[in-house]
Amino acid sequence: MRIDIISILPELFTGPLTNSIVQRAMEKKIVEINIHPLRNYGMGAYKQVDDYPYGAGGGMVMRCEPLAACIEELLQKNSYDEIIYTTPDGEMFDQPMANQLSMKKNILLICGHYKGIDQRIRDKYVTREISIGSYVLSGGEIPAAVICDAIIRLIPGAISDEMSALSDSFQDGLLAPPVYTRPEEWNGMKVPEILLSGDEKKIADWRLEQSIEITKKRRPDLLSD
Ligand code: ADE
């Protein structure tokens, strides 16, 4: 998979994309991530990328020209399965969407700032608008990093124990059951007997029961359909 990211704050990706599973996936050439600093396409001596909104209202809007110049340059070399804009007014990111995106070959992510990007860029280029939650962050970089992390770990080979991605919360529409490791007893609290029984069928049934109970309690919305 190839992921291109357009951002005015490329340094925000250092950390989220240079550690752990994502970093290993890059080293194994499972994924290639290229970050394109939008400022390089900015206008005039100050490399301006934003301007005041028409019709008043507070805040600034990211201008068309720098974004279009960067996107057009990328489109000359690549074709994209999805051009994604991260925005609080997008469709909600969830595990099924992560699964879907993890099967794509080429993705372009556009990170917004201020009041967002000029609508005409959305109309002309963007194929998918994604929100990571019902709150407003300072920019689209953290959402883009969240989306990258969630999809890269699902690409075969990214996680050594592939079963572990399959048993994550949400993969079967339920929250994950509790997990335990050694010691068997800690601070007077014991690991549930059934997990020590070696009976795979009983353990699987117990995990499913726990998942259903936890989901009912914390996320009943997941059970409604
Ligand atoms: N940009 C700012 N807030 C965001 C959010 N919640 N999701 C996606 N992009 C955003």
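Predicted model: local features only at pLDDT ≥ 70, side-chain atom pairs only at ≥ 80, totals over all residues.
Start at the ligand and select strand E5 (82–92). E5 gives the largest share of the shell around the ligand, 3 residues. Strands here are DSSP runs of at least two residues, labelled E, and helices are runs of at least four, labelled H or I; both are numbered from the N terminus.

Numbering runs from 1 along each chain as its sequence is written, and side-chain values use heavy atoms, without hydrogens and water.

Now show the whole shell: Thr86, Thr87, Pro88, Ile130, Ser131, Ile132, Gly133, Tyr135, Val136, Leu137, Gly139 and Pro143. Each has a heavy atom within 4 Å of the ligand. The shell divides into 7 nonpolar, 5 polar and no charged residues. In this scheme Ala, Val, Leu, Ile, Met, Phe, Trp, Tyr, Cys and Pro are nonpolar, Asp, Glu, Lys and Arg are charged, and the others, Gly among them, are polar.

Ile132 places a backbone N or O atom 3.0 Å from a ligand nitrogen. For Tyr135, a polar backbone atom is 2.8 Å from a nitrogen of the ligand. At Leu137, a backbone N or O atom lies 2.9 Å from a ligand nitrogen. Taken alone, the ligand exposes 260 Å², and the protein buries 96% of that. These areas come from the Shrake-Rupley method with a 1.4 Å probe.

Next, salt bridges: a side-chain nitrogen of Lys or Arg within 4 Å of a carboxyl oxygen of Asp or Glu. The whole structure has 13.

Select Arg120 and Asp118, whose closest N and O atoms are 2.7 Å apart in a salt bridge. Arg120 is exposed at 53% relative accessibility, while Asp118 is buried at 15%. Buried means under 20%, exposed over 50%, and partly exposed in between (1.4 Å probe, protein chains only).

Move to Glu32 and Arg2, a salt bridge at 3.4 Å, N to O. Glu32 is in strand E2 (residues 32–37) and Arg2 in strand E1 (residues 2–7), so the pair ties together parts 30 residues apart in sequence.

Then pick Asp51 and Arg63, bridged at 2.8 Å. Asp51 sits in strand E3 (residues 50–51), and Arg63 in the loop between strand E4 (61–62) and helix H2 (64–77).

Finally, zoom out. The domain assignment, automatic or from a database, gives domain 1 (2–152) and domain 2 (167–224). Their C-alpha centres lie 36 Å apart.

Conventions
Polar contact = N/O pair within 3.5 Å; in protein donor to acceptor, adjacent residues only side chain to side chain.
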